[in-house]
Structure formats: structure tokens, C-alpha cells
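Let's take a walk through this structure together, one chain at a time. Have the sequence and the 3D view ready.

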Amino acid sequence: MKNNPLLRVMNLKKRFGEKEVLKGVSFNVKEGETKVIIGPSGTGKSTLLACINQLVNPDEGEVWLKDELITQAKDMNKIRQRIGFVFQDFGLFNHLTALKNVMIGLTKVKKLDKNVAREKALEQLRKVGLEREADLYPAQLSGGQKQRVGIARALAMEPEIILFDEPTSALDPELIGEVLYVMKDLAESGMTMLVVTHEMGFARSVSDEIIFMENGYIVEQGSPEKLFKNPENERTRQFLNKLSELYGEGD
Amino acid sequence: MVMLERIINIVEKFWPVLLKGLGVTMEMTLISVLGGFILGIVLALSRIYGNKFLRIISTGFIEIIRGTPLLVQLFILYFGLPPYGFKPSPFTAAIIGFIINSGAYQAEYLRGSILSISRNQMIAARSLGMTRKQAIIHVIMPQALRRVIPAWTNEFIYLLKYTSLAYIVGAPELMAQAKFIASRNFQFFEVYLVVAVIYLIVILFFTWLFGRLEKKVKIPGLEWVR
Ligand SMILES: Nc1ncnc2c1ncn2[C@@H]1O[C@H](COP(=O)(O)OP(=O)(O)O)[C@@H](O)[C@H]1O
Ligand SMILES: [Mg+2]
């Protein structure tokens, strides 16, 4: 299972005006794998995720999803259905209930029958423990609940991989756990995940590999044990030390 | 108490005429607001999401209309176009003028409302695989239209009052009827007072109605920042 690269990013580059944000980033994500990306803020992590499903168009480089070169895809909307995205600020549709938030991709994009979509959406809400909140609007949910709806919405599309952009960074500390719990569950069920996060506990216990990014480059990547115990790069060590000061060791 | 007697007299004697005038006023207002609404949506979407050509056309149109007096627009339509072969009736000229004028204003209200919707809504919609058009229809517009209701209520009230300008080109609306009555009994004060009260009642009614609409479609838990 964990052998074929499901996602291949090759030499990805992106600049905003003068500023080169991604300076040639390459890595693979294998099927069923959970990869965590860490790095200081402003380093290009969000840009990297956005370039993968081309919410931002990369300037150079290739992104492959299985055997498709999606940076050249004719119909990117089709491709995006296969790549889930979970946002730092949740990105829930304010005018729709939790249930409708999860359903809308199924009815409008996948054109499923309403009743089928409702069943599928309810099933996803059940998975993230929010069946009873189905008829509440985003503004009526806590941050942790919002993010779990966000995850359910991504899951409902039955994506091949889900990209998470700091899914717990906007949450009050006491709400982070419930979201990480859902994500851990997902990882264990075999979902392929690429997660930008500062949650070291999650990175340590769930990820198969950690990528440390800085200034538009990948500085170092490797297994959690290797990066935490004996990183090759001095910058990696410094950054991880700073993180554990800020957020604790996380176990 | 001469005044009160006169007023009662006017209402008793002329209510069919006044009612007819009010009917025309309401008809003009409703057609213009709805026409302006459709025009406003087209203009706002073109200005925000259109290609360069559409953006220039819609921006130019909006700015020209908002930058010139409504009365001048009505005069151009009614008095200015006939030599060029377009001879609208007073009613038609007024309606066209009001639709064009209201469309430009409604476009700007709607544009402000659309731009106030957080960009993350569009990004999230696209991340699900929605096309831009789908995102606009299913995600952006349902929120933008809710937000525009207060501005839209104001626009409706303005337009209702501005239809009184149509009497100048001779459309038989409420003001025209008032002028007709006053020119017969010379009780200008009382006649226009009655007309003012009629406008006021209608406006209060619609303000209440739109307030209810706003409450009805309000998203639970969410307070718009105004
Ligand atoms: N749309 C954009 N336009 C201009 N600059 C941007 C844009 N998006 C991101 N940037 C810049 O790119 C750099 C990297 O941003 P980002 O990818 O968000 O970093 P990270 O997620 O690692 O904090 C930042 O300096 C940011 O200001
Ligand atoms: Mg970021």
C-alpha cells in the first residue's frame, strides 16, 4: 500500500512579484502516507499547498497525481475533486448548515442525487462526531466543530489525498485535541495526508515523514525519530527546539 | 378647521384619481426596481468577474449614470431621442430611465456586498472542484444578496420617491394627479399634504416588509458587520 507515490512534486517554483516564495521544492507522498510539513511562518508552506491543487498557479515545476501531470491538466476542476483541502480559517460556507456544507460538493460538483448526498454527508458528519450539529450554521459552531465540518466536507468528496493547511492554528488550545483526534483517526484509516502543522505531538506520533521547509526550500526531510533525535541540519534543530519551547514537546 | 375639511373633501372627491396615480407610481417603482435589480446583477458581476472588455463597459456605464442627474437622463430619453427615431411614451421613457439609473446604483451596492464576502469563500468553493460560475451562483451570491437587502431597501425608497420626477415628462403617476387636482381646486397645501402622507404610508409599509424579509433570510448566529 505505502509504495506508489500518489503525489509527486518536482522542482516547484513560485514568485509573487519580486519575492521568490518557492525556490524549487520536490518531494513525494506515497499512498496511505501522512507527511507533515513544518517551517517558520512566511516560508511558503501555504503557497506550496495552494500550488498543488493550483488554487495558486506555480511558475515552474511539475505536480503529478498518480500518473497525471496535473500542472498541465485541461480540467483542473476535475482534479480538485480528487484533492481535499482543509483550511486554517475553516472556509465553511456561512450561509449553509453543517450538513449543507458537506453536501454542496456532492450535489453541485459530483451531481449526486440530493438524498444520496444527504446520506453520504450525514455519514461523514457522524465520522467526525457532529451528526447532532448537522442543522447548525457555522456561526453557531465552536472552532473545533467548524474544523471538523471542514474535514467532513473534504472527506465527503472521497479524495485521494487531503491537504491540511495549519488546521488547528486558529483554534483555542482546548479545542485543538478534538481536531487532531479526527485527523489521527483518518491517518490510521489509511487516508493519504499532507499536513502543514506546528503540532509536534501529531507530527511525532502520526506522521511517516516530516519535511522541514525554510525560505522556499526543503531544508531537511526524514522520519520523525531522525528529525527529532539527530537532525542533519543545524537550522532544523534550532527550529524544532523553538517549537517545543512554544508548544511543548507534545505527547 | 378649514384645512381638515378641505383634506377630507379632497380624499372623498378625488380618491379614485389619487389611487390611480398611486397605482402608476407603484407600477413604475416595482418594474424599475426589479429591472434595475437584474441590470445591477449583470453590471456588478461584469465589473468584478468580467474580462477587461466587460469591466470597462460596466464601469463606464455605472460611472456615467451615477455621475449625471436623473432628470437629465429622463429628458434625454423623452425629449432627446425622438429626433433619432425613438419615441417612447412618457411612461416608457420614465421606466427606462429609472431602470438604467437604479441598475447603476444597485450594481454598486451589490458590488460592495460581493467584495465584502471573504475571499476564503471563493477559494473553499474552488477547492471542492466548483467552477468559478458555480462558486458565484451557489456560494458568493446567496451571501451577497442577503447582505445587500438594507441598501436595497433604501434604493427602493429612493426610487419610489424619485418616480415623482416622472410627472415632468408627463407620466400619470401620483404627483401628476396631485398637480391635476390642485390646478382645479387651488388647494395646493392640502393636496400635496395628502400626497405626502400617501408616500409616507407606502414607504413605511415597504420598510417594514423588507425588514421582515431580512429577518427571514438571516443566517442564524451570524451578525453581518455593517
Ligand atoms: N497572493 C499573494 N500575493 C503576494 N504575496 C503572497 C501571496 N501569498 C503569499 N505571499 C507571500 O509569500 C510568502 C509565503 O507565504 P505563505 O505561503 O503563506 O507562507 P507560510 O504558509 O509558510 O507562512 C509570504 O511572504 C507572503 O507574504
Ligand atoms: Mg501558511
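## Before we start

Please keep in mind that this is a predicted model. The tour begins with the sheets of chain A, then turns to a residue in one of its helices, and ends with chain B.

## The six-stranded sheet of chain A

In chain A, six strands come together in an open sheet of mixed pairing, and their order is E6-E7-E8-E3-E9-E10. Strand E6 (83–86) and strand E10 (217–222) of chain A form the edges, each pairing on one side only. On average, and with direction ignored, neighbouring strands in this sheet are turned by 20° against each other. Helix H1 (residues 45–52) of chain A packs on the sheet, where it touches E3, E6, strand E7 (161–165), strand E8 (192–196) and E9 of chain A. The direction of this helix makes about 155° with that of E7(A).

Elsewhere in the sheet, strand E3 (residues 34–38) of chain A pairs with strand E9 (residues 209–214) of chain A in the parallel sense, over four bridges.

## A closer look at strand E7(A)

How many of the residues of E7(A) are buried? Five of the five are, so the strand is largely enclosed by the rest of the structure. Its side chains are divided between two directions: A:Ile161, A:Leu163 and A:Asp165 point one way, while A:Ile162 and A:Phe164 point the other way, and all are buried.

E7(A) has a parallel partner in E6(A), to which four bridges join it, and another in E8(A), where five bridges join the two parallel strands. A:Leu163 is a handy landmark for both pairings. A:Phe85 stands opposite A:Leu163, and A:Leu163 in turn stands opposite A:Leu194 in E8(A).

## The four-stranded sheet of chain A

Chain A also has an open sheet of four strands, in the order E2-E1-E4-E5, and here the pairing is antiparallel. Its edge strands are strand E2 (19–30) and strand E5 (68–69) of chain A, each of which pairs on one side only. Strand E1 (residues 5–16) of chain A pairs with E2(A) in the antiparallel sense over nine bridges. Within this pair, A:Arg8 stands opposite A:Asn28 in E2(A).

## A buried asparagine in chain A

A:Asn101 belongs to helix H3 (residues 98–109) of chain A. Is this residue buried or exposed? A:Asn101 counts as buried because its relative accessibility is 0%, and the cut-off for burial is under 20%. With neighbours within four places in sequence left aside, A:Asn101 is in contact with A:Leu92, A:Phe93, A:Leu96, A:Pro138, A:Val149 and A:Arg153.

## Chain B at a glance

Chain B has eight helices and zero strands, and reading along its sequence gives the pattern α-α-α-α-α-α-α-α. Its C-alpha trace spans about 70 × 50 × 25 Å along the principal axes. Of the 226 residues in chain B, 44% are buried. Among the contacts in chain B with a separation of 6 or more, 76% are between residues 24 or more positions apart.

## Two packed helices in chain B

Helix H3 (residues 70–80) and helix H4 (residues 90–115) of chain B pack at an angle of about 135°, and their axes are 9 Å apart. That angle makes H3(B) oblique to H4(B), and the crossing is right-handed.

Which residues meet here? From H3(B) come B:Leu70, B:Gln73, B:Leu74, B:Leu77 and B:Tyr78, and they meet B:Pro90, B:Ala93, B:Ala94, B:Ile96, B:Gly97, B:Phe98 and B:Asn101 in H4(B). By class, this contact has nine nonpolar, three polar and no charged residues.

## B:Ile157 and its contacts

Our last stop is B:Ile157, which lies in helix H6 (residues 132–162) of chain B. B:Ile157 is buried, with a relative accessible area of 15%. Leaving aside neighbours within four places in sequence, B:Ile157 is in contact with B:Ile203 and B:Thr207. By C-alpha atoms, B:Ile157 and B:Phe53 are separated by 33 Å, and they are 104 residues apart along the chain.

Definitions and conventions:
Residues are numbered from 1 along each chain as its sequence is written. Chains are lettered from A and ligands numbered from 1 in the order in which they are written. This is a predicted model: local features need pLDDT of at least 70, side-chain atom pairs count only at pLDDT 80 or more; totals for chains, interfaces and linings use all residues. Side-chain values use heavy atoms; hydrogens and water are left out. Axes are lines fitted to C-alpha atoms, for helices over the stretch in contact, and angles run from 0 to 180 degrees between N-to-C directions. Angles under 35 degrees count as roughly parallel, over 145 as roughly antiparallel, 65 to 115 as roughly perpendicular and the rest as oblique. A crossing is left-handed if the near helix is turned anticlockwise from the far one by less than a right angle, and right-handed if clockwise. Contact means heavy atoms within 4.5 Å. Ala, Val, Leu, Ile, Met, Phe, Trp, Tyr, Cys and Pro count as nonpolar, Asp, Glu, Lys and Arg as charged, and the others, Gly among them, as polar. Two strands pair if DSSP finds at least two bridges between them. Buried means under 20% relative accessible area, exposed over 50%, partly exposed in between (1.4 Å probe, protein chains only).
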